[in-house]
Amino acid sequence: MIVKLLLLCAFSAVFADITEEKGVLVLTKDNFDGAIADNKFILVEFYAPWCGHCKALAPEYEKAAQSLADEKSEIKLGKVDATEHQSLAEKFEVRGYPTIKFFRDGKPVEYGGGRQAADIVNWLKKKTGPPCTTLDSVDAAKKFIEKDEVVVIGFFKDVTSADAKAYEEAAAGIDDIPFGITSSADVFKEYEVESDGIVLFKKFDEGRNNFEGAVSADAVTKFVMGNRLPIVVEFTQESAQKIFGGEIKNHILLFIKKTEKDFDTKLSDFKEAAKDFKGEVLFIYLDTSDEDNARILEFFGLKAEECPAVRLITLGEDMTKYKPESDDLSTEAIRTFVQGFKDGKLKPHLMSEEVPSDWDSKPVKVLVGKNFVDVALDEKKDVFVEFYAPWCGHCKQLAPIWDELAEKFKDKDDLVIAKMDSTANEVEQVKVQSFPTLKFFPKGSQDIVDYNGERTLEALTKFVESGGKEGAGEPEEPEEEEEEEEEEEGKDAKDEL
């Protein structure tokens with residue numbers, strides 16, 4: 001009897017009661033294992049109550065949970081306050097908020113979908129069911145099309161054909177768009193499809209795109225990714241993932257206030273130009289009156305008063321930017337600008353502030369794009385440069401130490417300690433990926449040495465006195481946890497995008 005009671009207590013401790021908040025299971029260290037064991041499929045958000053991104057996700061997450069419940073789906077959504085249940089956060093290596101993990105039969109994988117309710121539901125369905133929904137009637141097809149902003153339907157008289165299999169392969173690789181498949185003659189007739197084909201239905205622009213050419217998984221994927229977004233997309237926190245995670249890596253952005261008196265005219269001209277470059281250059285507009293977009297403006301070296309304006313960027317390691325020669329935002333001017341980019345006739349636009357009159361008056365010299373080459377690449381001097389962002393917490397912590405370092409070596413004529421605001425200045429020689437970035441330019445050499453050591457006066461001094469030798473100033477055993485924190489907090493504008 002005592003053994004039975006002990007077992008019952010142990011069982012109760014593991015499978016503690018689970019409450020729900022708007023359809024989302026509230027998970028704790030006491031009931032977490034029970035919830036995972038009890039549900040074949042469960043998506044879990046690890047959040048912090050103070051996190052802005054978590055607050056923005058909450059209503060969409062709840063909407064997704066309710067949608068799945070209405071469908072009587074076996075998929076559940078749960079959430080964990082990671083600040084309260086730190087043991088769970090540590091167990092699942094939560095490094096930032098929100099962190100979302102999908103548990104299938106108790107095994108976790110990273111969630112890779114969007115943060116809108118429809119994106120969450122579609123991703124989960126792709127991970128737990130067949131890649132395509134079978135549509136055996138006109139009514140089923142209509143409901144399928146009506147439910148989401150973008151859907152794809154494969155029309156195949158033989159759903160076991162090679163083309164149908166290639167279509168299903170493409171469907172399996174795109175998590176956030178519903179794919180349907182049909183062999184119904186009535187559905188073919190309803191949507192005026194005479195022979196096998198693939199159609200993308202959307203609630204914007206032309207409303208429908210028909211696939212053309214030979215069917216392969218790659219071709220279908222390219223077709224869907226090229227047509228899934230509006231011809232001109234508004235940049236928002238919700239659309240960011242689809243914009244920057246898409247196949248098109250050349251983007252032109254129109255920076256404009258939605259309250260601008262001729263907003264509709266300028267957007268119409270922009271949209272007209274976009275038609276000529278569909279599938280090659282993504283056209284995006286960004287509301288400059290939205291405070292959330294301030295960092296993007298800064299990244300492009302733009303001030304609100306300089307807008308409306310356009311900039312073009314290629315997404316890659318360097319994120320090369322281009323600026324038109326004039327402020328003309330007419331359709332023809334934008335067409336010419338984008339065509340010039342495509343033809344390789346444009347030079348990258350490198351931002352630079354004006355050289356301050358007192359740039360060399362203090363021990364730490366101030367560099368901008370316009371004086372960088374003259375100072376940093378002076379082969380008669382060793383030059384140690386901090387590339388920083390004014391908003392970066394780690395840069396602020398380093399500032400007094402950097403000042404001390406410069407003060408210590410201020411009388412050394414062949415050494416320069418300098419800093420450059422990399423949010424406002426860019427140079428060809430250095431591509432800054434995170435803040436702060438420290439680089440040493442040794443005299444008599446074209447080399448550039450990365451400093452990856454401790455940010456203490458002692459370590460920095462040792463590095464400078466070694467003449468910038470790699471490894472000088474580095475700790476014997478790097479603190480992995482500190483490096484991860486730095487990576488999270490010192491994100492650059494590339495990560496913001």
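Contact here means heavy atoms within 4.5 Å. The model is predicted, so local features need pLDDT of at least 70 and side-chain atom pairs count only at pLDDT 80 or more, while totals for chains, interfaces and linings use all residues. Residues are numbered from 1 along each chain as its sequence is written, and side-chain values use heavy atoms, with hydrogens and water left out. The protein chain has 18 helices and 21 strands; these are DSSP runs numbered from the N terminus, helices being H or I of at least four residues and strands E of at least two.

**Overall**

- The C-alpha trace of the protein chain spans about 85 × 80 × 45 Å along its principal axes.
- Of its 497 residues, 45% count as buried (under 20% relative accessible area; exposed is over 50%, partly exposed in between, with a 1.4 Å probe and protein chains only).
- Among contacts in the protein chain with a separation of 6 or more, 69% are between residues 24 or more positions apart.

**Helix H9**

- Ala217, Val220, Phe223, Val224, Met225 and Asn227 are the buried residues in helix H9 (residues 217-227).
- These buried residues pack against helix H7 (162-173) and against strands S8 (150-155), S9 (179-182), S10 (197-202) and S11 (208-210).

**Largest nonpolar core**

- A nonpolar core is a set of buried Ala, Val, Leu, Ile, Met, Phe, Trp, Tyr and Cys residues joined through side-chain atoms within 4.5 Å.
- The largest one has 22 residues, of which Val232, Ile252, Leu254, Phe270, Phe283 and Val338 touch the most other members.
- Two or more residues each come from strand S13 (250-256), helix H11 (263-274), strand S14 (282-287), strand S15 (309-314) and helix H13 (331-342).
- H11 gives the largest share, five residues.
- Leaving aside neighbours within four places in sequence, Phe283 is in contact with Ile231, Val232, Val233, Ile252, Phe270, Ala273, Ala274, Phe277, Ile334 and Val338.

**Crossing of H11 and H13**

- The axes of H11 and H13 come within 8 Å and cross at roughly 40 degrees; axes are lines fitted to C-alpha atoms, for helices over the stretch in contact, and angles run from 0 to 180 degrees between N-to-C directions.
- H11 and H13 are therefore oblique to each other, since angles under 35 degrees count as roughly parallel, over 145 as roughly antiparallel, 65 to 115 as roughly perpendicular and the rest as oblique.
- Asp269, Phe270, Glu272 and Ala273 of H11 make the contact with Thr331, Ile334 and Arg335 of H13.
- By class, this contact has three nonpolar, one polar and three charged residues (nonpolar: Ala, Val, Leu, Ile, Met, Phe, Trp, Tyr, Cys and Pro; charged: Asp, Glu, Lys and Arg; polar: the others, Gly among them).
- Thr331, in helix H13, is buried with a relative accessible area of 12%.
- Not counting residues up to four places away in sequence, Thr331 touches Asp269, Glu272 and Ala273.

**Backbone exceptions**

- Most residues other than glycine have a negative phi, and most peptide bonds are trans.
- A cis peptide bond, with omega about -15 degrees, joins Tyr97 and Pro98; Pro98 is in the loop between helix H4 (86-91) and strand S5 (99-104).
- The bond from Cys307 to Pro308 is also cis, with omega near 10 degrees, and Pro308 is in the loop between helix H12 (294-299) and S15.
- Glu93, a residue other than glycine, has a positive phi near 50 degrees.
- The loop between H4 and S5 holds Glu93, which counts as exposed at 57% relative accessibility.
- Asp105 has a positive phi of about 55 degrees and lies in the loop between S5 and strand S6 (107-110).
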